[in-house]
Amino acid sequence: MDIQLQNDYYRMTGEKYSFGIKSVINFMFQHQLRYMFWWRKASKKNHIIYRLILHRYSRKFGLEISTSAEIGDGVYLGHPYNITVGSGVKIGNNVNLHKGCTIGRENRGVRLGSPVIGDNVYVGINATIIGGIHIGNDVMIAPGSFVNFDVPDHSIVLGNPGNIHEKANATQGYVAHCVE
């Protein structure tokens, strides 16, 4: 198993991956692990079998993560249903994505393009991140927030429209089991 998948496994379970029965059971009963396994395979190799399996999981669980998105090591899918990540999105390491969050492209205007998200970022339930913007490192996007503007490092974004509040260690306690 490649290192990115092992890091995803660690972030989602809090345990190092081993080729034992416990890891097999986790893969059987945690669909977010299976989804990320097939997503990583399909995004690296444009193989029809990988794409078909990924498509099946996408429809079953509402996980719509484009294979042309770039996702770093150690993604965490919390309450993994109805998560949408569009094409062209770049996501760093140790990022938490929660139920109902949407990260996508804006097709017109001054924010034309897709978001770039830094490391150690928490994206809460039903949060929306849209447009050619940059989200810094150590940023918490609170549940229900709408973000269509740049967010500096060490910040918390609250509300709709979003308001930025600077805070050192903004994701401490929320982004756990970080990988190097």
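I started with the cavity lining: helix 1 gives the largest share of the lining of the largest cavity, four residues. For me a helix is a DSSP run of H or I with at least four residues, a strand a run of E with at least two, both numbered from the N terminus. This is a predicted model, so local features need pLDDT of at least 70 and side-chain atom pairs 80 or more, while totals for chains, interfaces and linings use all residues. Residues count from 1 along each chain as its sequence is written, and side-chain values use heavy atoms, without hydrogens or water.

**Cavity.** I found one cavity of 30 Å³ or more. On a 1 Å grid over the protein atoms alone, a cavity is where a 1.4 Å probe fits but cannot get out; a pocket is an open set with protein on both sides within 12 Å along at least five of seven lines; lining residues have an atom within 4 Å of a point. The largest cavity comes to about 40 Å³, the volume being the space filled by probe spheres on points joined across faces, edges and corners. I listed its lining as Leu5, Asp8, Tyr9, Met12, Phe27, Leu33, Met36 and Phe37. Helix 1 (3-13) and helix 3 (31-44) are the elements giving two or more residues.

**Pocket.** I then looked up the largest pocket, which holds about 190 Å³. Its lining has 14 residues, with Ser58, Glu64, Ile65, Ser66 and Thr67 nearest the centre. Helix 4 (48-61), strand 1 (64-65) and strand 4 (84-85) each supply at least two; helix 4 gives the most, five.
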